[in-house]
Amino acid sequence: MTATIDAPDTPDVPTAEIGKARRRKEDARLITGRTRWTDNIQLPGMMHMAILRSPVAHAKITNLDTTAARALPGVHAVYTGADLADEQGSLPCAWPITADMKAPQHPSLAVDTVRFAGEAVAVVVARSAYAAADALEAIDVDYEDLPLVLDMESALADGSPLVHPDLGTNRNAVWVFDSGEAGTGDNVDDAIGGAEVTVTRRFRQQRLIPAFMEPRSVVVDPTGEQFTVWSATQIPHVLRVMMALTLGIPEHKLRVIAPDVGGGFGGKLQLTPEEVLTFLVARRMGRPVKYTESRSESLVSAHHGRDQIQDITITATRDGAVTGLKVDLMADMGAYLGLVTPGVPILGAFMYNSIYKFPAYRFTCTNVFTNKTITDAYRGAGRPEATFAIERIMDELAAELGMDPMELRRKNWIKHEEFPFTTVCGLTYDSGNYEAATERAMELLGYDALRMEQKQRRERGDTVQLGIGISTYTEMCGLAPSRVLGSLSYGAGGWEHAAVRMLPTGKVEVVTGSSPHGQGHETAWSQIISDRLGVPFEDIEVIHGDTQTSHKGLDTYGSRSLSVGAIAAVKAADKVIEKARPIAAHMLECGEDDLEWDAGTFTVRGTSNSKSIQDIALAVFAAHDLPDGVEPNLDSEATYDPENFSFPHGTHLCAAEVDTETGEVKLRSYIAVDDVGVVVNPMIVDGQVHGGLAQGIAQALFEEAVHDETGTLVTGTLADYLVPSASDLPAFTLDRTESRATSNPLGVKGVGEAGTIASTPAVVNAVVDAVRQFGIVDIEMPCSPRRVWRALQGVADAEPTAPGPGGGLGSIDANEPQEEVQ
Amino acid sequence: MSDRSPAVAAQPCAREVRSVVAIRMTVDGTQYDDDVEPRMLLVHYLRERLGKVGTVVGCDTSNCGACTVHLDGHSVKSCSVLAVQADGHEVTTVEGLAKDGALHPMQQAFHENHALQCGFCTPGMIMQAIDLLNENPNPDERAVREGLEGNLCRCTGYQNIVQAVLDAAGRMTGRAESDVEPTAEAVSPRHAAPVAGGAGG
């Protein structure tokens, strides 16, 4: 059920496969267990590595004795930071957001100081994973505690302990965007000074953990002419470049393979200490080495996400026209910088204004080091935080003005006839129709009837109150135009590469630089190229994830695969057709201008004489009779650099019931109407939205990475870090509207992150809406029963922000046992 | 923190680690005789000794369910069972479901309902879902959600998994009456009767 707003008007877009809910090619192996996860790999002579991790958050290593471990049966070697200091280099940060950014050394193995609990301090190499784990127990380490700092405001205070004393500060960088200075809008201070209405709020983006289901694993084989690295990574191509640069390995001596990869969500967008250490150990020993993390290791050492404090000021006229938006952000880097750590909050900088016509805007972000696990990309990366803040404060402004929150949005959003629209941040949104998506969502929810029920429940003092949460979101994805990334000091471009190879029998290989880990690229790319080349869906093989076979690419993150990677494949297919054209003309004994191309066949205009692309592929293979000067090859490559981001949008509505006696939140219905442009495979798109919603809802209600006062992660298992189960989530109601993207030939926009970006504020807005009558204007995430109940008791504001751990093994709170066992 | 699993951590690294126990079990229809360390987890035995890598390890606290297999027809998390505890028993993994090239109805339902994305949780999810239907051949949506709560998925939001299980329930109850559904019998003889008797969807 998709309402088409802008009818496709581009004649060169075929439609046979695009739009079809093709069942996935990928499934056959995955449902039968014929899988190639990195941890499945067994190589002759392979050894197993295990990592000893620091139990303390900030300390000097005063003694590290590996003698007993080294003596155990089956143990080949034990290495410490001192052993590898000369060759491990510093893990890279590819996004120096400002010229004066403070970047610390980032060792894979701590040399003399540990700066977060979970940091690697020694590695064991043994004949089996069990033997390696045994040997960890026999390593003796003495730590001398150093003063630690865990929260950002303390870290910025004078006299704070320093995570990196050599940097002289815990302030990593300060990054500012000011629409007045940029010339894209007015000065926000003027707006605030003259405001009729001003609302300020502090929102806390709790620390999250990507929690991909497949723990990270890496195998390094040093026995060939090249080093071969298999890794559970989203980014085999970036990994190759970064590993070469970090370790000084000649790039052509490295081959990186991402075999089956079990989810990523940004969490596998990294060059990890574990990858470096496995490589170094394998190189030293001259034998293949495998390292697979446990879940507990993954939760404490794989990068985390979010962890920001947002101070938001919005101004408006009394009748509800927004006039200014000021954002002061603090973003927790953790103890070091990962690949794009400092840039994650900057990805949100251009999205706080969202779909609204703010005349003035300023964004200031202060990045801070603390003694915690590093943060980096997690699904949405900067944009969920921005969307949360603006959608939450629009509700707060509506309450201040006494307006319906949807009415306030309607009054301020970009109208469909105003596209393309250049925002106060200088971005040009190419297409969209917020009215249509909203109308459909309100219809599906039964908005007016629920408002009536809400009123009745309030009037009769029902113990279960109803709230309606709105999120009219947009996001920028499809990362990204290279020149834009350059202007933001990002360390790479945003293009993507593809090749299309015509085989002699007419079958087709599509090589893509995108690197899927669950998204269904093999199916979607097959659909797209089937239409483009007029060859059957089944005749197309999609090749990816190996720097040897797909030699060039920038991989998968930022909802970029379809809107950048697939467009590269389209461009390569178009080149195949153009290379085939003179050959077809030669075979058909006509001029090229007399040929018509349609559905995989060149036909001489006005006749039935034709040659299919498969006929031509065979003729090229034989090469017996080609036109003079034409090479016997149809294969083509293309590298596509997008001209703009893609801007999916939509309206999400959440109806939540809050039990005022227990604080429990129950999602009664969740409506997501998304506009992701042209849809290649509606089944896959729905699946992306479902999963995105689950993660966004989980931030609103369940998940939080909690460190105690010693810096220990107390949500270090899946019993404590509350990834939702099927019984925790409702069924979602989905629909779509369609505004074609004008920035690419398929009219597609990204969809990978949209559900996560949109859903968190929809849920929290619903919870707050249910209890606003009691004077509650915010509840920090996750809105656990305890938090909601405390807010209802009026004690929320007096409580420190540090929450209790989750509901599992670690949930007994020693400080407040009576609270937990009641 | 450095422990690879609770079972491993519980064992001292002393001489008895080398002691082994003889076990015999049938896995996916093939009988195996092996000597294993008493501490070896069933999932590690399946993966590392038998090469049954279709069954995977997703956590170390038995929360995620990715390693779910059937032990004598009942779902178990194979990270929570020692290989020696499976001695004399019959194990079915996701690799043993398809018969003569025909997918199990649950596998088919997962494919047709797009109930998987990355596929890492899928083997365990499928094994648990089959067990769920063996216990309750005609569950409603809530029963499916609760029956799967020991199996985590990070990709799908569960919507299509739930749909797939409901779809499979229809397929399996429909087929069970005519006794053409071989896997339900092979995997779970004790539950064959309820499956057949529960036909109605």
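Leaving aside residues up to four places away in sequence, Val767(A) touches Gly467(A), Ala656(A), Val658(A), Val665(A), Ile779(A), Cys783(A) and Val788(A), contact here being C-beta atoms, placed from the backbone, within 7 Å. The model is a predicted one, with local features needing pLDDT of at least 70 and side-chain atom pairs counting only at pLDDT 80 or more, while totals for chains, interfaces and linings use all residues. Residues are numbered from 1 along each chain as its sequence is written, with chains lettered from A in the order in which they are written.

Val767(A) also turns up, with Val124(A) and Ala569(A), among the residues with the most contacts inside the largest nonpolar core, which has 310 residues. Such a core is a set of buried Ala, Val, Leu, Ile, Met, Phe, Trp, Tyr and Cys residues joined through C-beta atoms within 7 Å; buried takes 20 or more other C-beta atoms within 10 Å of a residue's own. The top contributor is helix H18 of chain A (residues 561–588), giving 14 residues; helices are DSSP runs of H or I, at least four residues.

Elsewhere in chain A, the axes of H8 (residues 236–247) and H9 (residues 273–285) come within 12 Å and cross at roughly 60°, the axes being lines fitted to C-alpha atoms over the stretch in contact, with angles from 0 to 180 degrees between N-to-C directions. On the H8(A) side sit Leu239(A), Met243(A), Thr246(A) and Leu247(A), meeting Glu275(A), Val276(A) and Phe279(A) of H9(A).

As for the two chains, 53 residues of chain B are in contact with 58 of chain A. Helices H3 (105–112), H4 (122–135), H5 (141–147) and H6 (159–176) of chain B each supply at least two residues of the side touching chain A.

Terms used:
A residue is buried if 20 or more other C-beta atoms lie within 10 Å of its own, exposed if 12 or fewer, and partly exposed in between; C-beta atoms are placed from the backbone.
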